[in-house]
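Dear colleague,

Please find below the structure I am handing over to you. My notes on it follow directly after.

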Amino acid sequence: MKKIVSLLLAAIMAVSLAGCASPLNPSSAEPGYPDENGNAEGYLNDTMHTYFFDYTVTNAYVCNEFEGYVPSGEGKELVVAEVTIKNTAKSTTPMFDTDFQIQWGDNTEDAFDFPITFYLRSTDNVSDKMFPAEYSLGVNESRSGLLVFEVPTGKKDFSISYLEEFDDDTTGNVFFVYFTPSRQ
């Protein structure tokens, strides 16, 4: 009788846990975690779980000017994205403006760009609300800021991506956050 009860309890536990995903073994359908092909997708306010850190794009808007900065060319506008990043590694993580890029869904090879800090290459940001070109996140440290991108005028849908890159020049998973920014 004990054996039957034990088997029955084990079966109930297995069935009740089947719908649960843990951070160590997430469902491939769960936003923010890579699928079997190494691709992770999410939307505004979904947390993306990379090897080094978690990041969440919490808001995004389009504008023609940001704190005095105007796009460098005709036919361009700005996408301003609010992002929170939390170091989940066991050591300080160096961060760079080229870690994140924006895409806008064209089928052309150049339908992406880096934050404007990549082009400014100055220690002076346009705004102290922006992430700098280079910074470090300490163990378990969180930081929120803005990423500002120049994009072609009239595009409606975007994604901000991150590709894991390791010291041995290999790459890992790629993460995409999809959104349609509001207009300001």
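Of the 184 residues of the protein, what percentage count as buried? The share is 37%, where buried means under 20% relative accessible area, exposed means over 50%, and partly exposed lies in between, with a 1.4 Å probe and protein chains only.

Before the details, a note on the basis of these values. This is a predicted model, in which local features need pLDDT of at least 70 and side-chain atom pairs count only at pLDDT 80 or more, while totals for chains, interfaces and linings use all residues. Residues are numbered from 1 along each chain as its sequence is written, and side-chain values use heavy atoms, with hydrogens and water left out.

Overall architecture

The protein has 2 helices and 12 strands; helices (H or I, at least four residues) and strands (E, at least two) are DSSP runs, numbered from the N terminus. In sequence order the elements follow the pattern α-β-β-β-β-β-β-β-α-β-β-β-β-β. Among contacts between residues at least 6 apart in sequence, 61% join residues at least 24 apart, a contact being heavy atoms within 4.5 Å. The protein exposes about 10,900 Å², of which carbon and sulfur atoms supply 52%; accessible areas come from the Shrake-Rupley method with a 1.4 Å probe, and for residues only the protein chains shown count as cover.

Salt bridges

The structure holds 2 salt bridges, each defined as a side-chain nitrogen of Lys or Arg within 4 Å of a carboxyl oxygen of Asp or Glu. Side chains of opposite charge can pair when their charged atoms come close.

One of them joins glutamate 77 and arginine 183, with an N to O distance of 2.7 Å. Because glutamate 77 lies in strand 4 and arginine 183 in strand 12 (residues 182-183), this pair ties together parts that are 106 residues apart in sequence. Glutamate 77 is buried, at a relative accessible area of 2%.

In the other, lysine 129 pairs with glutamate 67, and the closest N and O atoms are 3.3 Å apart. This pair links distant parts of the chain, 62 residues apart: lysine 129 is in the loop between helix 2 (117-120) and strand 8 (134-137), and glutamate 67 is in the loop between strand 3 (53-63) and strand 4 (76-87). Lysine 129 is partly exposed, with a relative accessible area of 49%, and glutamate 67 is also partly exposed, at 40%.

Leaving aside neighbours within four places in sequence, glutamate 67 is in contact with Val126, Ser127 and Lys129. The C-alpha atoms of glutamate 67 and serine 127, 60 residues apart along the chain, are separated by 6.9 Å.

Asparagine 45 likewise has a positive phi, of about 75°, although it is not a glycine. Asparagine 45 is placed in the loop between strand 1 and strand 2 and counts as exposed, at 51% relative accessibility.

Two buried positions

Methionine 48 is found in strand 2 (residues 47-49) and counts as buried, at 0% relative accessibility. Not counting residues up to four places away in sequence, methionine 48 touches a set of residues including Gly32, Ala40, Phe53, Tyr55, Phe175 and Val177. Its C-alpha atom is separated by 9.5 Å from that of isoleucine 85, 37 residues apart along the chain.

Glycine 38 is located in the loop between helix 1 (2-17) and strand 1 (39-43). With 10% relative accessibility, glycine 38 counts as buried. Residues up to four places away in sequence aside, glycine 38 touches Asn173 and Val174. The C-alpha atoms of glycine 38 and phenylalanine 175 are separated by 8.5 Å, and the two residues are 137 apart along the chain.

A charged surface patch

Which residues form a negative surface patch? They are Glu165, Asp167, Asp168 and Asp169. Patches are made of residues with over 30% relative accessible area and no salt bridge, like charges being joined within 9 Å; Asp and Glu count as negative, and the place of a charge is taken as CG of Asp or CD of Glu. Aspartate 168 lies in the loop between strand 10 (158-165) and strand 11 (171-179) and is exposed, with a relative accessible area of 54%.

With kind regards

Conventions
Patches are made of residues with over 30% relative accessible area and no salt bridge: like charges are joined within 9 Å, nonpolar side chains (Val, Leu, Ile, Met, Phe, Trp, Tyr) within 5 Å.
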